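The sequence and the structure are shown first.

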Amino acid sequence: MKARTAVVFSAALALAIAGAPAHAHGAHHELVRESAPAQGGDFTLQSAKGPVSLSGLRGKVVAIYFSYLGCPDICPVYLAAVAQALKSLPAADAAQVQPLFITLDPERDSARALAEYATAFHPSMIGLTGNPAGIAAFAKSYGVLWKRHPVKDGGYAIDHSSMLIVVDADGRLLERLPHDASVTRIAEALKRAIKAGR
């Protein structure tokens, strides 16, 4: 897993720095550009170190990305862009942002694997999982659409909305950035959210 994560991260980082679009590899993702109305709301999910709730992160801007470990191209590139945006912020501002990676595939993605994957992109990023019904409810509340589709090996992949969800320090949904948002655009959105909480 560690070797695979390192390879995926390196490739994604190179594409993000180069400004390549997140759909560069052309994988099957029918729902990338689609989303549903969103209200946001609190949630509690499991990390490798224990439960994490949105309400427990009050006082910080929270950057949420729903995906899964098997996503071949769009998600790693976007996560690399988020990591680059965080690294571009002054240290004091970056410390006010908590990035979260929430799996849409809890049946296959363990908390330990999610932790390894998330921290490969940024040391403060937390990987989260939970029961399928709970994750489905949380994703729906944030306007994330997804569906499974079969693949040749008999397994499945997941089509899903690809967006970065920015939540302010009081837990309110502020903004949803599309999958092709640039590093600069992501950084500016995080700065706005930080400023709004001051």
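How many cavities of 30 Å³ or more does the count come to? The count comes to one cavity in this predicted model.

## Overall architecture

The secondary structure of the protein chain comprises six helices and nine strands. The chain has 198 residues, of which 49% are buried. Of the contacts between residues at least 6 apart in sequence, 74% join residues at least 24 apart.

## The cavity and its lining

The largest cavity has a volume of about 30 Å³. Its lining is formed by Ala 63, Tyr 65, Leu 79, Val 82, Pro 99, Leu 100, Met 125 and Leu 164. By class, the lining consists of eight nonpolar residues, with no polar and no charged ones.

Three elements each supply at least two residues of this lining: strand 3 (61-67), helix 2 (74-88) and strand 4 (97-103).

## The buried face of helix 4

Helix 4 spans residues 111-121, and its buried residues are Ala 111, Ala 113, Leu 114, Tyr 117, Ala 118 and Phe 121. Viewed down the helix axis, these buried residues fall within an arc of 155 degrees, so they line one face of helix 4.

Thr 129 is located in the loop between strand 5 (126-128) and helix 5 (132-141). Is Thr 129 buried or exposed? Thr 129 counts as buried because its relative accessibility is 10%, below the 20% limit for that class.

When neighbours within four places in sequence are set aside, the contacts of Thr 129 are Leu 45, Gln 46, Thr 103, Pro 106, Asp 109, Ala 111, Leu 114 and Ile 135. Among these partners, Ala 111 and Leu 114 also belong to the buried residues of helix 4.

## Salt bridges

The structure holds five salt bridges. Side chains of opposite charge can pair when their charged atoms come close.

One of the bridges joins Glu 107 and Arg 148, with 2.8 Å between the closest N and O atoms. Glu 107 lies in the loop between strand 4 and helix 4, whereas Arg 148 lies in strand 6 (residues 146-150), so the pair ties together parts that are 41 residues apart in sequence. Glu 107 counts as partly exposed, at 48% relative accessibility, and Arg 148 also counts as partly exposed, at 45%.

Asp 168 forms a salt bridge with Arg 172, and the closest N and O atoms are 2.8 Å apart. Asp 168 counts as buried because its relative accessibility is 5%.

Another salt bridge brings together the side chains of Arg 192 and Glu 175, at 2.8 Å from N to O. This pair links distant parts of the chain, with Arg 192 in helix 6 (residues 183-196) and Glu 175 in strand 9 (residues 173-178), 17 residues apart. Arg 192 counts as partly exposed at 44% relative accessibility, and Glu 175 counts as partly exposed at 21%. Which residues do salt bridges that share partners join into one network? The network consists of Asp 168, Asp 170 and Arg 172.

How values were computed
Residues numbered from 1 in each chain as written. Predicted model: local features only at pLDDT ≥ 70, side-chain atom pairs only at ≥ 80, totals over all residues. Heavy atoms only, no water. Buried < 20%, exposed > 50% of the residue type's maximum accessible area, 1.4 Å probe, protein only. Helix = DSSP H or I, 4+ residues; strand = E, 2+ residues; numbered from the N terminus. Arc of directions from axis to C-beta. 1 Å grid on protein atoms, 1.4 Å probe; cavity = no way out; pocket = protein on both sides within 12 Å on 5 of 7 lines; lining within 4 Å. Points joined across faces, edges and corners; volume = space filled by probe spheres on them. Nonpolar A, V, L, I, M, F, W, Y, C, P; charged D, E, K, R; others polar. Contact = heavy atoms within 4.5 Å. Salt bridge = Lys/Arg side-chain N within 4 Å of Asp/Glu carboxyl O.
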